[in-house]
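User: I would like to learn how to read strand pairing and helix packing in a model. Please take me through one case.

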Amino acid sequence: MALRRILIVQSDSVLCTELRAVLAFLDCEIIARTLDTLRDEAEPEFDVIFVGVDEHIETVVLRLVELYRQTPLILVMDKSPARPLLTGLEARATAVLAWPTNYATLNACFEKISRGTPETVNFRPPELFRSLTGASATVQRTRKLIQQVAPSDATVLILGESGTGKEVIARNLHYYSARRSKPFVPVNCGAIPGELLESELFGHEKGAFTGALSSRQGRFELAEGGTLFLDEIGDMPLSMQVKLLRVLQERSFERVGSNKTIQCDVRIIAATHRNLEEEISRNRFREDLYYRLNVFPIEVPSLRDRLEDIPALVEDLTARLKAEKRGDMRLTPAAFRVLQRYHWPGNVRELANLIERLAILYPNNVVDAADLPEKFQQYVKPEDAVLRHEPDVGNTVLSEGLALARLPEKGLDLREHLNNLECELIKQALDECNGVVAHAANLLRMRRTTLVEKLRKYGLRGEETTII
C-alpha cells in the first residue's frame, strides 16, 4: 500500500517513538499529535491515522471520526492485561493492532486496509461489541460499570429488557477479566425444561436416568476457570434455584447420579428481563439467591432510552453487513428522524433486524422515510416527506439530494442536469455543516481540495462559507 502522510495521535511518548521508528521503513511523512495538540478542524488529507489507546481513547476516536470520516483508523493497543477498555470503539476503527508488533504484521495490516477489509489484527472481531455503540449518557455509564467490575471475580446480575444486549455485556465482562483465556459458557435457563436443567448444569453419570447412555460434563465443569453465563435466570424453577444457591455458597457440586463432590472455580454472571423483586413477592424467586446474585447489578438501557445512539448503531450495523458482504445501504436524515420517534419494543435486536431487511430490499441504495416498513409510517411527519417535483429540466431533485430516475419526454441536457444536482447537494452539505468546508467534504466523501474547486466552479463561496 503506497502511503504518503500518516497521522499518529498518542500521549505515550515511548509508544509514539516506537511506532514512528517502525513506520520510518515506509518512507512517508509522519505527523504526531496528542489529545491537547489535536486540531479542531481537519488538516490536509492523511492516508492512515494511528491512535494509541489510553484513558482518552473515546474522546479522541469520536473527534477523529468526525474530522476524517473516510480515512482508515488503526487503534494501537498494548498487549498488557491492564490495557484500557475499548468497549464499542473497535466498530469505528478499520483495524486494531496489538503492540508491540513488527514490520511484517504492520505491512499485513496495510494490505487489509488497501483491500477495504475492515477487520482487526491480532484482536477479536468487533461483533462482540454490538449494542454498546453510542455516546449517550446511559451507554457511557454502562461502559464505566463494565470497566470497574470486569477485573474482579464478583458475581454480576445484568438486568434489562429482551434485545438490549445482555449477553454482549456478559461477554465483555469475561473478556476484560483475568479469566478471558478460559471458557465463556452461556446457558439459557428459560430454554431448557426444568427436569433437564440440573443435568445440563451439573452433568450426569452413565445410567443416572433413562437415556443417560454415557457420562456427561455439565456447564459448570465446561466453564472451569472461566465464566458461566446464566441467561434468563428469572425463569429457573424453584427446585433448581435451591441447588444453584448451594453451589454458589460452597463452590462445589455433584453430577446427577453421583455422590462424588466436584470443586469448581467459575465466575457467575446472571441476566434476566424480569423484575426479580416482584418475582420474590410472588414466591417465584428465592430471596436468598437474589441477594447472592445481586452483588454487582448492571442495568442495560432500552433503546428508547438512548434514541440519540440510533445513528451510531445504524452505522455500526451497516458497516458489519457490508464487511460480511450481505448488502449495503444508507438512511436519509428523514429516515433517521422517524426511527428516533419509534418506541422500539424489541430494542437493538429489532433495529438490527430492520437494517438487515432494508439492506436486502434496497441493496446499495438510499432508504428514505417513505421506504420504511408500514409500522413506521405513523411516525412520519410532513417535513419528512420527500418532495417529488418536476420543475425546469435540469433541476429535478429530491429534497434529500436524489435525482429522479425518469427521463422527461423531451429529453434533457445530461451534463447540465448533473451539474445542477451536484450543486444542490453541495449546498445541502454546507448547510448541514454550518458552512465549514472540511466537514462538508467529509459528508460528501470527497477531498477538501476537490470541494474547494467545486465551490469556485459553482460560485458558492459566500460570506457564510468558511474555507479551512
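User: Which residue of strand 4 does Ile49 stand opposite?

Analyst: Strands here are DSSP E runs of at least two residues, helices are H or I runs of at least four, both numbered from the N terminus. Two strands pair if DSSP finds at least two bridges between them. In this predicted model, Ile49 stands opposite Leu73 in strand 4. Strand 3 (residues 48-52) and strand 4 (residues 73-78) are parallel, with four bridges. Strand 1 (residues 5-9) also runs parallel to strand 3, joined by four bridges, and Leu7 has Ile49 as its bridge partner there.

User: Are the faces of strand 3 covered or open?

Analyst: In a regular strand the side chains alternate between the two faces of the sheet. Here Val48, Phe50 and Gly52 lie on one side, Ile49 and Val51 on the other, and all are buried (under 20% relative accessible area with a 1.4 Å probe, protein chains only; exposed is over 50%, partly exposed in between).

User: At what angle do helix 4 and helix 5 pack?

Analyst: Axes are lines fitted to C-alpha atoms over the stretch in contact, and angles run from 0 to 180 degrees between N-to-C directions. Helix 4 (residues 137-149) and helix 5 (residues 166-175) pack at about 35°, with axes 9 Å apart.

User: Which residues meet there?

Analyst: Contact means heavy atoms within 4.5 Å. Thr142, Ile146 and Val149 of helix 4 meet Ile169, Asn172 and Leu173 of helix 5.

Residues are numbered from 1 along each chain as its sequence is written. Local features need pLDDT of at least 70, side-chain atom pairs count only at pLDDT 80 or more, totals for chains, interfaces and linings use all residues, and side-chain values use heavy atoms, without hydrogens and water.
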